[in-house]
Structure formats: C-alpha cells, structure tokens
Amino acid sequence: YSAVSPDGKELIISYVLPSDSSPSRNQALYRLPMDGSTPPQLLVTPPATSDQYIQVEWSPDGKYLYYVHNNYSTQSADQVYPNYKIFRKAYPDGQPEQIVEHAFWPRVSPDSSKLVYVSIDPLTGTNELFLANADGTNAQVINTGGTTEPGVRDAPFFTSHGLSIIFSAPSPA
C-alpha cells in the first residue's frame, strides 16, 4: 500500500524488506522521496514481528498520516478478522495515536476535517461505515440501507468536493 504526500514530494509505503536485508517479515511503514534520492527510511517501527502496518493515507493538508495496525499474535482462533486499529501520526515527528478500535480503510475528507472508515466485528465479520471527526471522535454510523442492505461495505472514499462518500457493497448472497 502506498500514499503520495499532498505536495507530491514524498511517498509512504507499507513494505516488507527483502529477506536478505532483515530477518523480520512484517509490513512496516517507510518514507522515501519521490525523486528516489535516498532509500526507504523506516517511519513506524513495529514492536514485534507479528505487527503489521497497512492502508496508509495522508490527510489532504499534509499534517497527518493515518494507517491501520494489527498484531496477528493477539488474534484468537475463533476470530474471522484481525484486530484492526486505526492510528494517526502528526507528520513528520508526531507520536502515533490509536484513534479507532476494530476498524480499517481510513479515508480523510478533502478539507481534512472528517474521517470515513469501515468498522468490523472481528468475531463475526459484520461491518459498517462510520463518519467521524478527523481525530476519531464523534463517530456516527452511515446508513447504507436502501431497498437491499449490503452485507459488506468496503473501500470508502470521499468525492473531490467532500459532499459524498463512495464505497464498495457487493450484493448480499
């Protein structure tokens, strides 16, 4: 997974180093300049080899990075999905802060004031779309009902004007 900075100068990637470079095989977040002048630099250090960082997203104002974390060693045998958590980090030198539990696919509104994400129950796989303030507060379920309620909601994003949210919703089986 990758995201280009709003100014087009940097790239953040969720990346696994080649096996000859590191004994760790977990996905971590790296930054690198778009001009390729330096190799990828570790941005968020995974605390353990079972930690994974994915779905990185810049806020359009360039002030924050949002990303998803999970640790596979904390997953119980009866779980359908991992314990996904959304974090945000002031860029470049802020400390990571968890802002949403049991959630993934973070997307920030064009004005950087709102966050849309998918909340998922790790035991059943049931998911819902939520809209919250950019810091994760004041979360509200987005009613996606209509004539047919989708069984899965995925990959949300804001339209360019920020007035609508588009998401994937396959027909229920």
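**Ground rules**

Residues are numbered from 1 along each chain as its sequence is written, and side-chain values use heavy atoms, with hydrogens and water left out. Because the model is predicted, local features need pLDDT of at least 70 and side-chain atom pairs count only at pLDDT 80 or more, while totals for chains, interfaces and linings use all residues.

**Stop 1: S5**

Select S5, in the loop between β1 (2–4) and β2. Strands here are DSSP runs of E, at least two residues, numbered from the N terminus. Is S5 buried or exposed? S5 is buried, with a relative accessible area of 5%. Buried means under 20% relative accessible area, exposed over 50%, and partly exposed in between, with a 1.4 Å probe and protein chains only.

Now show the polar contacts. Each is a pair of N or O atoms within 3.5 Å; within protein, one must be able to donate a hydrogen and the other to accept it, and residues adjacent in sequence count only if both atoms are side-chain atoms. The side chains of S5 and D7 make one at 2.5 Å. A polar atom of the S5 side chain also lies 3.1 Å from the backbone nitrogen of K9. Not counting residues up to four places away in sequence, S5 touches E10 and W58; contact means heavy atoms within 4.5 Å.

**Stop 2**

Select residues 28–33, which make up strand β3. Five of the six residues in β3 are buried. On one side of the pairing list is β2 (residues 10–15), antiparallel to β3 and joined to it by six bridges. Two strands pair if DSSP finds at least two bridges between them. Pick I12 and find its bridge partner in β3, R31.

Strand β4 (residues 41–44) also runs antiparallel to β3, with three bridges. Which residue in β4 is the bridge partner of Y30? That partner is L42.

Stay on L42. At 42% relative accessibility, L42 counts as partly exposed. Leaving aside neighbours within four places in sequence, L42 is in contact with A28, L29 and Y30.

**Stop 3: the Y91–P92 bond**

Move to P92, in the loop between β7 (85–90) and β8. Check omega for the bond joining Y91 and P92: about 10°, a cis peptide bond. Most peptide bonds are trans.

**Stop 4: E101**

Select E101 in strand β8 (residues 97–101). E101 counts as partly exposed, at 37% relative accessibility. Its side chain makes a polar contact with the side chain of Q98, at 2.7 Å. Setting aside neighbours within four places in sequence, E101 is in contact with Y84 and K85. Y64 is 37 residues from E101 in sequence and 18 Å away in space, C-alpha to C-alpha.

**Stop 5: two positive phi angles**

Step to H102, in the loop between β8 and β9 (103–108). H102 is not a glycine, yet its phi is positive, about 55°. Most residues other than glycine have a negative phi. H102 is partly exposed, with a relative accessible area of 26%.

End at S112, in the loop between β9 and β10 (114–120). What is the phi of S112? Phi is positive here, about 65°, although S112 is not a glycine. S112 is buried, with a relative accessible area of 13%.

Note on methods. Helices (H or I, at least four residues) and strands (E, at least two) are DSSP runs, numbered from the N terminus.
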